[in-house]
Amino acid sequence: MPASVQTASCIWNSFRSSGKRHLILTGSRGIGKTTLLHALAPEGLPGVTTWVQRGQGVFLKENAAGETVQIGRVAPEGMRPDLDALNGFGAAALARAGQAPGEWVSVDEVGYLETGSPAYCDALRALLDQKRVLAVVRRQDLPLLQELCRRPDVFCLDLDQPLGQLGCVVMASGLGRRFGGNKLLADLEGKPLVQYALDATGGLFARRVVVTRHADVADLCRAQGVPVVLHSQPHRSDTVRLGLEALNAGSGLDGCLFCPGDQPLLTRETVLSLALCGACAPGPIWRAAWQEKPGAPVLFPAWAFEDLMHLPQGKGGGAVIRRYPDRVRPVPVRSPQELADVDRPED
């Protein structure tokens, strides 16, 4: 996930929607955690920053004061922590960040050196209780690092697999009765209507399928390498079930986004925000919304698959939403037009 203003905006949108207190970026070395943190964080946040100086060791700077100490020293067996520096200056710097003005602090990064210092670890836990923390945590199999990423108040974005294992079903089975024909291939500014859904969802999901009754829509999708289920079943519940079956949803998917094929102003940023919520804050049903008005797409977690596979005849995912209203969370869109679908030619 490359760092950019657009990516940062999607991450913040997903994070705010989640209701979590802290935002942690994790992943393997060199994947761009710090670059993304800089794209997310305003200048001058209090906290600490660590970095490696080749051939010398690891250094820690207190952001506000600029004072720097060495916390890791090169040894024949590898990098060794300077526990005096971590227990003393490092823990004190975190404590001062906890008393600084403002809501947010930044910690870049937490790795294996820091885990060797009980005082530093305790100061970091205290900081999470005092402030909202934007942090980089290295991906390693160490208790403290796993503890931080698994806290229930943390939105943890794993840059090695930022969208987890999510599926996507593009719902393209409408008969277009009010439109007077197959609206999904109607031209809108030089593209077939359904192409907008393909563009908004492409390249984001572990598995994606288009479910349609229209052979010409199926041909368009196959020409682009998009898997298709071409069917003649009558009901919306059939479309949902066929999509999940085609994705083999019970085999390792964490959730599935259901995207209408007739919302041409739906943005890729909204789809990415929904996917980030599903991957980084799993459990709720995530639904695109404009202010108080809910809409589509909707991302259902894996626990809802059984209900979706056995919907009442003619019903869609809304039946599951009505069954579990307390599990539904909105993800704001940028404009109400994103939720608008095409029913008639004048639309």
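Helices (H or I, at least four residues) and strands (E, at least two) are taken here as DSSP runs, numbered from the N terminus. On that basis the protein chain has 12 helices and 17 strands. This is a predicted model, in which local features need pLDDT of at least 70 and side-chain atom pairs count only at pLDDT 80 or more, while totals for chains, interfaces and linings use all residues. Residues are numbered from 1 along each chain as its sequence is written, and side-chain values use heavy atoms, with hydrogens and water left out.

Taken along the principal axes, the C-alpha atoms of the protein chain fill a box of roughly 75 × 40 × 40 Å. Of the 347 residues in the protein chain, 52% are buried; buried means under 20% relative accessible area, exposed means over 50%, and partly exposed lies in between (1.4 Å probe, protein chains only). Contact means heavy atoms within 4.5 Å. Among the contacts in the protein chain with a separation of 6 or more, 68% are between residues 24 or more positions apart.

Ser18 is in helix α1 (residues 5-18). Ser18 counts as buried, at 15% relative accessibility, and touches Phe155, Ala281 and Trp286, not counting residues up to four places away in sequence. In helix α2 (residues 33-40), the buried residues include Lys33, Leu36, Leu37 and Leu40. Seen down the axis of α2, the buried residues fall within an arc of 105 degrees, so they line one face of the helix; the arc is that of the directions from the helix axis to the C-beta atoms. Thr35 and His38, on the other side of α2, are exposed.

Axes are lines fitted to C-alpha atoms, for helices over the stretch in contact, and angles run from 0 to 180 degrees between N-to-C directions. The axes of α3 (residues 83-99) and α5 (residues 118-130) come within 8 Å and cross at roughly 5 degrees. That makes α3 roughly parallel to α5; angles under 35 degrees count as roughly parallel, over 145 as roughly antiparallel, 65 to 115 as roughly perpendicular and the rest as oblique. Residues of α3 including Leu86, Gly90, Ala91 and Leu94 meet residues of α5 including Tyr120, Ala123, Leu124 and Leu127. By class, this contact of α3 with α5 has 10 nonpolar, 5 polar and no charged residues. Ala, Val, Leu, Ile, Met, Phe, Trp, Tyr, Cys and Pro count as nonpolar, Asp, Glu, Lys and Arg as charged, and the others, Gly among them, as polar.

The axes of α5 and α6 come within 12 Å and cross at roughly 5 degrees, which makes α5 roughly parallel to α6. Cys121, Leu124, Arg125 and Leu128 of α5 make the contact with Leu144, Glu147 and Leu148 of α6. By class, the contact of α5 with α6 has 5 nonpolar, no polar and 2 charged residues.

Two loop residues remain. Asp153 is in the loop between α6 (143-150) and β8 (154-158). Its side chain makes a polar contact with the side chain of Arg151 (2.9 Å); a polar contact is a pair of N or O atoms within 3.5 Å, where within protein one must be able to donate a hydrogen and the other to accept it, and residues adjacent in sequence count only if both atoms are side-chain atoms. Not counting residues up to four places away in sequence, Asp153 touches Lys20, Arg21 and His22. Gly252 lies in the loop between α9 (236-247) and β14 (255-260) and is exposed, with a relative accessible area of 51%. Leaving aside neighbours within four places in sequence, Gly252 is in contact with Gln165 and Arg207.
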